[in-house]
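Hi everyone, thanks for coming.

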Amino acid sequence: MTSLTHTKPVAVLPLSGGRVLFPGLVLRMQISVSRDSDSMAIIDNISKQFTQAALVACVPLLQEEGSNGAKEHEKGDLNVDPKRLFGFGVAARIVSFKAVNGGKGKGGRSSAASSSNRIVYAVALEGLHRIKIDAVVKSEPFLQVAVSPLETLDTPETPELKALGTTLAQCGLELTELLSQLQLPTQVLSQLRKTINEATASQLADLLASMIDLSVEEKLDLLAEREGVAKRVEKCVELVTRQIQVLKISQKIQTNVENKLGKQQREYILRQQLEAIKKELGENDGESGESSADPEFAALKKRLETLPLPEEAAKSTKRELGRLKRMPANMPEHQIIRTYLEWMSEMPWDVMSGSDSVDVQKAKMQLDADHFGMDGVKKRVLEYLAVGKLKKDLKGPILCLIGPPGVGKTSLGKSVANALGRKFYRISLGGVRDEAEIRGHRRTYVGALPGLIIQAMRKCGVKNPVILLDEIDKLTRDARGDPSAALLEVLDPEQNNTFTDHYLSVPFDLSQVLFIATANEAETISAPLMDRMEVIQIPGYTFAEKVSIAQTHLLPKQISTHGLDAVAVNIPQNTLMRMATEYTRESGVRTLNRHVAAVCRHLAVEYARAIERHALDSFNGTVSPMKLEEILGQPHFVSEVSERGLSPGVVTGLAWTSDGAGGLLFIEAMKMPGKGKLVLTGKLGDVIKESATLAVSWIRANARRLGIVGAGGPGADLLDGIDVHIHFPAGATPKDGPSAGAAIVTALVSLFLDQPVRPHIAMTGEMTLRGQVCPVGGIKEKVLAAHRGGVQRVLLPERNRKDVDEIPSDVRNSMDICFVKTMEEVLGLAFEDGVLGSRDGVKVVYESKL
């Protein structure tokens, strides 16, 4: 064996990262250095020492504060500060030394250059005996020190040392038995027992010290052997005994946990081990899972405890908090419970918005400023405010605004919220087909969430917001349920104070919420749901109303949107009227708003060009009717009533469309040679087909009295030798309903008499087989549609006289509205002279005017 003396300097191989090599053991390590670094000098020396079977000094490094010693070898930092050397080490023999990715091996440098600038070497060192560093001889190109042996191999074995060795051997065998339960190979355990029985006390202490968990300070203390071999062996006995106790406790904990856990819970073993450790140390405070050290859990718990929760909600919250404490954080249900508690903590259980003393007059001014007309809605909101001032616990009304698109139903909700001083939230129900969208999902589902109502309440953060249920008539249903049925509880003032969402599973009070629903038609809304709402019909706008809305709302908004605030933009009333009459045919004002925007864009282009030419004086912001045609093109709509009324067999009826607006329904009749068949076209429903059959039957029965003679002459059947074809234009649009009966009769009488009806006349009304005219619905919408279409005379059933009061006065004054009871009166008013063919030379005139 090569010996070391204090006069022979040796190279130092520093051991970083807490590595400590004990005598009699082998340490394998990798060294990564840069080709151009100074560390290559010690690599050359290691290679030389390996070739000559010389020794090196393996000395641990003292850890520098803030440094990462575990990566020093990876960085190639082998030239260290001598002050960092521990002072004691081990003389080691190099067992193997080779380059992993190029560099130097047994024969020296590799001839092939590595593709990387760094070279990795694998080194195996066998510790021989302890040494003490006496002095640093050289620091460049690598560290060399003078050392002296710390112990001799022939240390005398005293009785004390022998006894300590026996004790240490017993501890070693007990440690081996505990390690055997870790399923180590049998061959390894047998070799370990043999070594323990044959080794000296000093060798056994070094062997066991390398096997157990020790801190760096404890390893360095055993390496230094400052108090002799016996003292080192004694310390090793203490440390091995401590390790045995740790393994026994760990085994006990493992056994207890395995007895508690079932097959499906083994993935949570780490959390159970932590509980068992607390119990073993006597630190179990009765809490597990979520400890009080979790600041988020503590904040959530405090927030829930301070909330004024109802009794049932408080019980549910307390129960879920207890479950969350006992549940490991890595369980999937842990996050589900935590999310549920966060929802409970963020719900507005007792938070109100708005002032207790709302000024009714101020609210009225706010509503009038935001919307034109809509007197019914404004009146109902003001009534709610007035009663609310007298009775503080008034429940919120459930309003349903039904009207055609573009009349301002949706924007009205926000105006109501502003007038009440409350928060506003809009829920779009169009296309919603799942009941869970309203009531929420049960927490048994992955990704479950509350329904749209509870989500709205959470986002508003108050108990009394204004919630707009937009497009409630567009709800659909499928196999997952009927959302309109789920809305029954939400919109019932007698039940919604205990609305229970499937996700929250506790009642929530919705009685203070002001619900406003919007719809285009009432037919698609279920009868029970309609019964729970206060229905307010919002008709279309007249031309005068459209012009007023354009002047007060649309035009100022578009001027600001297009950056024309500083420009004198002037669109006179006659220009707006032409825009409304010749470029729009809608009940609302959306198309009118788009045309106003187009005019503003045109003016913006002219103004920008004037700025570029520095000729602002040439810019004219006034839009005349002639200039309007230059901007928007030729008029999109002309009066079809006057054109169609010039031919016999053509009559204008009035219809109520599916979107809640009124419209004109043209009816054309024609006769041709045939066999008495009646042909109906225009995508007609069963009811309107029956009305046509009824009209033909009535005319055939009253032909002589009406002065109609068929092709077969007097006394012959009216349809002998001819076929009658009745067509309803706009064939792609479905048409149905009984209100076209009077118009069909008039068209057929005009056809058979070969006499056109009055121009600019329209009519509506259901007829009976006896010729009576019955009332119909949608009178206001139909009359407004006639007004928009240029109709000057409207024939209505006498029993609809009460509905005329809802029509704006300017429309009533601009039209001749006539009420009729029988078909004779209709025919008398439908023709130019008011006179039909007579019987026995007596002329009969029927006329009724408002």
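Let's start with N574: its relative accessibility is 47%, so it counts as partly exposed (buried is under 20% relative accessible area, exposed is over 50%, partly exposed in between, with a 1.4 Å probe and protein chains only). N574 is found in helix 20, residues 573-582 (helices are DSSP runs of H or I with at least four residues, strands are E runs with at least two, numbered from the N terminus). Its C-alpha atom is 8.1 Å from that of S624, 50 residues apart along the chain.

Quick housekeeping: this is a predicted model, where local features need pLDDT of at least 70, side-chain atom pairs count only at pLDDT 80 or more, and totals for chains, interfaces and linings use all residues. Residues are numbered from 1 along each chain as its sequence is written, and side-chain values use heavy atoms, leaving out hydrogens and water.

Now the aromatics. Rings of Phe, Tyr and Trp (its six-membered ring) pair if their centres lie within 6.5 Å; planes under 30 degrees apart are stacked, over 60 edge-to-face, and the rest tilted. That rule gives six aromatic pairs. One of them is F86 with F88, tilted, at 5.7 Å centre to centre and 55 degrees between the planes. F86 counts as buried because its relative accessibility is 16%, and F88 is buried too, at 14%.

Then there's W343 with Y503: centres 6.4 Å apart and planes at 70 degrees, so that pair is edge-to-face. It links distant parts of the chain, 160 residues apart, with W343 in helix 11. Both W343 and Y503 are buried, and together with Y340 they form one aromatic cluster.
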